Every structure is written in structure tokens, then in C-alpha cells.
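User: I would like to learn how to read some features of a model from its coordinates. Please take them one at a time.

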Amino acid sequence: MYHAMTAMAFAGESGFSGPIQLSGDPKGASVLILGAGLAGMCAAYELRKAGYKVQILEYNDRPGGRNWSLYGGDTYTEMGGFTQKVEFDKGLYLNPGPWRLPYHHHAALHYCKLLNVALEPFTQVNNAALVHSTKAFGGKPKPFREVQADFNGYVAELLAKCTQQGRLDQAVTQEDKELLLAAMREWGALDKSYEYKKGVLSSERRGWLSDPGGGLTSVPTPSEPMAMGDLLKSGLWSAVGAGMIYEFQSVIFQPKGGMGMIGKAFGRELDGVIQYGAKVTDIRQDDRGVTATWIDAKNGGAPRQAHADWCVCTIPASVLSQIPINVGGPMKAAIDALYYDASVKVGLQFKRRFWEQDEAIYGGISYTDQPNSLIGYPSTDYFSSGKGVLLGAYSFGPSAFEYAALSPAERVAKSVEYGANIHPQYREEFENGVGVAWHRVPWTMGCAAHWTEDLRAKHYDDLCAIDGRIVLAGEHASRLPAWQEGALLSSLDAIRRLHQRVLAS
Amino acid sequence: MKAQHHLSAAIALVLAATLAGSTATAQDYPVGHFDEQTGQAIWEGICQGCHMPNAEGAVGAGAYPKLAGDPRLAANVYPVMMVLNGQRAMPAFGANLSDAQVAEVVNYLRTHFGNKYKDPVTPEQVKALRGGS
């Protein structure tokens, strides 16, 4: 019943049609899974449940892959040998990779529920958070609340003017004209003359210069909207649409205690199945099975081999393209076509939660035109009198490449410098930080597969098709790149097809 | 590291990179340009992220090749093509660097880190190589 309900309810959303049903006896068939990220562990979990013998080879000494949180006491060594010791206080963390679980990512939420991973709300849009441009308003950040209210207000006013001046007669009937005017008044907080201007109406959206009070100090003072031209030229309006993106709409969740809790929970479930610290150096298939050769990731030494009838390979294409593997030309071409995007995250610990205490910012995101791109405020432990960790940088594109080229200490220092232009408290309150640039991450060599429409047309089907006894899975084999949901859906789709192949063979 | 793209691009990049795929095309990615102009600045601003400050490369689950004393750099077309089009884990930078920037960084690499090649590439040569793969 649950299956039927979920299958119907989720149709057309994330592609998750309820818990996977792999019926039919695999007759003791074995599957070798390469990679203990979410895709690999999901495959192992479900295939084992369906009666397969499963084993996983994992490069890291922990489960999760990009599902990962860094805590105080952790040590992280990136490519090139640069080592960072995380000095966060107990309970504070950075999610270097994914940090959000949208409400419609049904597969990710399903496994959280199944594995008893406790979730809490993640705040994406916070009207009290800031929008900042070094080139606008003298470099002074504006509350998102004001930017949104003023932008909507002016757009409503302009549309109302056009409507009144008869400019929309072709597009709008007389009856609809009245409705549109009423809608603009309501949506944009316009006054009786359809103007967006300083007053009670606009202040009820953008906030007051001084808030209403009690007793004899109760008269509120309206605030002054930004001039329309200034707002348009500032570019700050580009933040207005961010929260409207499907993945960024409410409600969004995060695991309590860090995103890495999902990987840990899967890892516990698969205790004894995962060989950690295994660097795969060769993948061979023949008509009887698949053999992966691996060495100890830290110490090298003599090559060892793992063998199974079938293989689910979740190694990122950026790494897999360098490992000898005897798959057919089309799959190999697809693997070789994918480089991975640049991304960086920097976590900064502060002595106190000044964003809450001084600025009433509880969770959410501030945006900036500086290379750090944004500041993310923790969606947890509100009102704690202890320390706090901010996401001090989260960039893609050129800025992320440039961050990767810096030493870890410079990544942190730069992020503090940029952040201080938004929150001057940074200078006094900063304590320590950690910066993860994804091109330096040893097991992914980048953040996520860089797909374009051309690449998809040429290679996507070949990447996902079963090649002999090998099938690939991971966010790179999905249409939700960089999302954990993509990794899980890819894995479920791959094992469904593999299972059919096994039953047919 | 200078802020050089507009705020809208900064936000769009965040969105595009997390959301791209279902509908995004190559052109949908806001193309960010790098500010660095000299060969050394480009090397230090971009390339050393993966190939490391001393061009010695690095090893993890996969590897970034060593470019110090690299005989493959003897043919000057080779590094130009790599920078423009990428190869496997190496990203394509053709859309993010001008012809002059590509020539600058290739010439810097081919005359540093034990590489001593005496035939610099010109922006015109880079331009001619664009579009090939």
C-alpha cells in the first residue's frame, strides 16, 4: 500500500517511485561495488537485501564520499599534501560538499528515514540576511527584506502605470485590468495612487526605521525605500530570484549534526562489507566476472584483487578516466568526456554568534559579488551563547579555481577579509577556519561532473548503459548533477537494470 | 583574486552549478573570465591549484600530471590544446581565457619549472587553434 501510494504521489517529481523492489532470486550472484559514497552504499544495501553477495572497495578510510562533514579534531589532507587540522569547537562542523535536502528529493529523504538519520529544517531564504555588492551603496550591504520589497514594489508600480496608461490594452481585457491593478497594489505594497513610496505600506514589507513599540514609545517610523535607479544599477535584485528555484524552495532539510550523518548511517548498516583505504588501479571484466585490482591508498604495497560476477562502479569520472578499464568504446568515451567543476567551501569559527546577537540573522544566506560568493549562517543551535561556524565562502567558476590555487591558510584568510566587508565583527571575532577546494580533494578531483547539453546528447546514454558486467552510478550518471538525490536515483536505476540482466542471464 | 563578475553572475553560478544538467546548455553557464593577465599570474591563479606551485603534479585516487621538465611540452600546440579543450579530468578553459592569456600561460609554463623551450606561441596561433578538439 505504501509503495502504491508513494509511487503515485511522487510520479513526475524526482523519479523516486518508492522503495525499490528487486524481486526474483539472483541465485547467489555477487556484485563488486567501487566507491562507498551514497550511490555505492545504496547499491550495496539494496542488492544485499535482494540476495546478492556484495563487497565495496573505498579509497577513503570512512564511508560517505562527498557526503562529508568536518568536525573539530579532524585532519584533512588534500592533493599536494597540504594538511589542515580542524579546530572547531565540539558540535560545530563544516559540510564541504552537499548541505541541503530539498523536500522533493524523495530518495534522499527516504534513506534518511530508513536509516534513522534525524533531520531538521535548513533555512535558505532569510529576509534579514544581506545582499552585498562592492560596487553599490558604498559597499554597504542591504537586508534582503529591503531589496525584495523595493524591487517588487517598483515592478508593481511600473506595471500599474502601464496598465493605467492603457499600454496593456492589447494584452489585458478591461476586466482583467482592474484585477491586475488590485493585484499590483497588494503584491507590491502600493498606495492608493499605485505608488511604491515611503510609508506604512512599504515599511510593512521592507521593515521600519524604528519598529512599532508599546506604551508611550509606540509610534513607528517608516523607512525610506532605495531609489529605483540605485536599486536597478546595484544588481542586488539578482538575489530576489534565488529562493524561487525549485531546489531552494521551502522546506529544505539538513541532517542534525552534519550532512555526513547519512554516510555514517549507511556505513554502520554495511559494517564488514566495506574495504576502506583501497585505491583501485585496474578494472577487468571477462565473460565470467569482474576483477578490480587495488592497493593500500596510504602505503601502496602489493596489489590485491577483488572479484565478483558483476560490478557497480561509482568512482567519479575524473578519477575513473585514469584507471585502466576494459569497457567498450562508447562508455570509455563518455567517461573521458567529463571533467569536474571547481567549487570551494570555507568554514570559519567565530568566538560568538554575532550574526544572531547583533543582526538578528538566524540561518539563511547572504550574497556578495566578492569571490567568496556567499555567507551561510548555521540553521541550528540558535541563541547558543557558544561559538559558531559560518560558511564563509561557497563559490563556483573562476573564483573557485582561484581559491583552489591558494594554500588552505590563504583560503581562510581571504574569506575573512571578504566577510569583514559585510560583517565588520569578523575582525574581532574570527578564531579559525578550514577551506576545502574540490579540485584538491583526492578522491574526486573536482566537485561534480561538468555536463553540457552537447555532452549529454553525445555521451549520457553510453555512460549509463550496462557494459558487459559493469554499470556506472553516481551523480555523474544522473540528470541531477551535484545533488545527492542524483547519486541515489542513478544507483537505484543502475541496480534495477543490473538485476534484470542477472535474472535474464 | 579579484571580484570580477557581477553579483548576478555570482549567484547564477551557484545556481547553475548545483542545478545545471536538466536544462542547462554550455551557454547557460555564465562564462566567467579570469582577471589574471601575465603568464605567472595565470599559473599562480589557476594552474597551480591542480598541478601544484612547483608544477610537480599530485597524486590521490587519480593524479594531476607533473609539468616540470615535461617533454610533452616540446610541441607548443599540445599545451595550447589542453588549456583550450581540456582532456579527461583537465577542464576546458577556452571560454574563460583570451587568446593572449592562453599564450601567456603556455609560454610561462614552457620556460619555467625546468622547461626551456624557445619557441613561444602567439595569441594568433591560439586563435587559429580554437574550435579544434
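This is a predicted model: local features need pLDDT of at least 70, side-chain atom pairs count only at pLDDT 80 or more; totals for chains, interfaces and linings use all residues.

User: How many residues does the contact take from chain B and from chain A?

Analyst: Two residues are in contact if their C-beta atoms, placed from the backbone, lie within 7 Å. The contact takes 54 residues from chain A and 40 residues from chain B. On the side of chain B that touches chain A, α1 (7–19), α2 (39–51) and β2 (63–64) each supply at least two residues. α1(B) gives the most, with 10 residues.

User: How are the axes of α2(B) and α4(B) placed?

Analyst: Two packed helices are described by the angle between their axes and the distance between the axes. Axes are lines fitted to C-alpha atoms, for helices over the stretch in contact, and angles run from 0 to 180 degrees between N-to-C directions. The axes of α2(B) and α4(B) (residues 99–109) come within 8 Å and cross at roughly 90°. The two helices are therefore roughly perpendicular (65 to 115 degrees) to each other. Residues making this contact include W43(B) of α2(B) and Y108(B) of α4(B).

User: Which strands stand at the edges of the sheet in chain A?

Analyst: Two strands pair if DSSP finds at least two bridges between them. In chain A, 3 strands form an open, antiparallel sheet in the order β13-β14-β15. β13 (278–285) and β15 (300–308) of chain A are at the edges with a single partner strand each, so one side of each is left without a neighbour in the sheet. β13(A) pairs with β14(A) (residues 290–296) over 7 bridges; T291(A) in β14(A) is the bridge partner of R284(A).

User: Is helix α12 of chain A mostly covered or exposed?

Analyst: A residue is buried if 20 or more other C-beta atoms lie within 10 Å of its own, exposed if 12 or fewer, and partly exposed in between, with C-beta atoms placed from the backbone. Helix α12 (residues 397–404) of chain A is mostly covered, with 8 of its 8 residues buried, among them F401(A) and E402(A). In chain B, buried residues make up 43% of the 133 residues.

Terms used: Residues are numbered from 1 along each chain as its sequence is written. Chains are lettered from A and ligands numbered from 1 in the order in which they are written. Helices (H or I, at least four residues) and strands (E, at least two) are DSSP runs, numbered from the N terminus. Angles under 35 degrees count as roughly parallel, over 145 as roughly antiparallel, 65 to 115 as roughly perpendicular and the rest as oblique.
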